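Visitor: I would like to learn how to read a model of this kind, taking one feature after another. Could you show me the structure and then take me through it?

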Amino acid sequence: MDITQDSMKVVEIMSRLSIDRASRALSKILRTGAKISLSKVYIADLSETTAKMNDDLREMTGVMVNFKGNVSCKLLFMLPLEGSLILTDLFLRQPAGTTKEYNEFTESVTQELGNILASHISNALVSDFNATLVPQPPHVHNDFAGVIFSNLVLEQGMMDDQLLLIETQFEICKTELDCYLFLVPEMTSFGKLLDNIGVKS
Amino acid sequence: MRRILVVDDAKVIRMVIKQILTRHGFHVAGEAGNGREAFERYKELKPDAVTMDIIMPEVDGIQGLKEILAFDKQAKVIMISAIDQHDALTDAIRNGAADYVVKPFEDDRMVTALKNIFGEA
């Protein structure tokens, strides 16, 4: 995969702006300080990333969202089961610890958080970078990190050994919540978006 | 009491909207999880207004809006979505939506939207 250093800088700016918007939306819906910050944007080796995910043996809740438009992209938000219980209580404005096990509310909250994150990320890319990008209904998965990540890779139909990964850190109520937020754009269409805004991919 | 049909694929959002509406003197006549169910429930319940999500599985909210308005030209449908994009907004308005509320929203925003369409604001 060829991507210039200049293009990577643009991708980083795009990612930061869109993640900032998602972060504000998340804070508003949870009515608490929630902060998502960009960790890194990089070209990852597919097998290495899959191996890293396979090493994470915690049971996870993940929500996957496909985007349609002139940029084909996928979002995966994944967090340990205990984290999803905390988010359920925050979302439903219940005292922490009320939700003791995964249930239909946990699934629905995860689904809605995926929708909010994906929508606000796409809103930023559409308004700031002339993309057309509309999220599709989210799908919730419960499994090990490696299995959920493999689903993402299979769905994206990765033909390449590398992928562009946008990784973030998640902080809620000043407590770092150990979760993954991956944005995986399909490179050909993403290259077109960069061309549209005058950056040679 | 105004009767409202709440449409969203996320159960928790239906629950939150129901709580807000009940607190502000509306009655939630029914719920639906996609555009097709919304149309069926609309025919059955004849609510005074509908709050309709856009991105939903099977049949989306825009299609649900079209079907409801084809059945009842006087139907009042407010779109509620996290999509805050010009194309989505114009698509909803062009197809007859009475208002468009962006998620996440303050309680007042939705209540005012409903009161506006009933001329009670």
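Guide: Let us begin with burial, for which a residue is called buried if 20 or more other C-beta atoms lie within 10 Å of its own, exposed if 12 or fewer, and partly exposed in between, with C-beta atoms placed from the backbone. By that count, 41% of the 201 residues of chain A are buried. This is a predicted model, in which local features need pLDDT of at least 70 and side-chain atom pairs count only at pLDDT 80 or more, while totals for chains, interfaces and linings use all residues. Residues are numbered from 1 along each chain as its sequence is written, and chains are lettered from A and ligands numbered from 1 in the order in which they are written.

Visitor: What is the mean pLDDT of chain A, and what is that of chain B?

Guide: The pLDDT is the predictor's confidence in each residue, from 0 to 100. Chain A has a mean of 84, with 94% of its residues at 70 or more, and chain B has a mean of 96, with 100% of its residues at 70 or more. Within chain A, confidence is lowest in strand β7 (residues 175-177), at a mean of 71, and highest in strand β5 (residues 139-144), at 94. For the complex, the predictor gives an ipTM of 0.89 and a pTM of 0.89.

Visitor: How many helices and strands are there in chain A?

Guide: Helices (H or I, at least four residues) and strands (E, at least two) are DSSP runs, numbered from the N terminus. Chain A has 6 helices and 8 strands, in the order α-β-α-β-β-α-α-β-β-α-β-β-β-α along the sequence. The radius of gyration of chain A is 16 Å, close to the 17 Å that the globule rule gives for 201 residues, so chain A is as compact as a globular protein of that length; the radius is taken over C-alpha atoms, and the rule is 2.2 Å times the number of residues to the power 0.38.

Visitor: At what angle do α3 and α4 of chain A pack?

Guide: Axes are lines fitted to C-alpha atoms, for helices over the stretch in contact, and angles run from 0 to 180 degrees between N-to-C directions. Helix α3(A) (residues 81-91) packs against α4(A) at about 80 degrees, with the axes 9 Å apart. That makes α3(A) roughly perpendicular to α4(A), a term that covers 65 to 115 degrees. Residues are in contact if their C-beta atoms, placed from the backbone, lie within 7 Å, and among those that meet here are Leu85(A) and Phe91(A) in α3(A) and Phe105(A) and Leu113(A) in α4(A).

Visitor: Which helix supplies the largest share of the side of chain A that touches chain B?

Guide: The contact takes 21 residues from chain A and 14 residues from chain B. On the chain A side, α1 (5-30), α4 (104-129) and β4 (133-135) each supply at least two residues, and the largest share, 12 residues, comes from α4(A).

Visitor: Where in chain B is Arg2(B) found, and which residues is Arg2(B) in contact with?

Guide: Arg2(B) lies in the segment before β1 (3-7) of chain B, and with 18 C-beta neighbours inside 10 Å this residue counts as partly exposed. Leaving aside neighbours within four places in sequence, Arg2(B) is in contact with Phe26(B), His27(B), Asp48(B), Ala49(B) and Phe118(B).

Definitions and conventions: Two residues are in contact if their C-beta atoms, placed from the backbone, lie within 7 Å. Angles under 35 degrees count as roughly parallel, over 145 as roughly antiparallel, 65 to 115 as roughly perpendicular and the rest as oblique.
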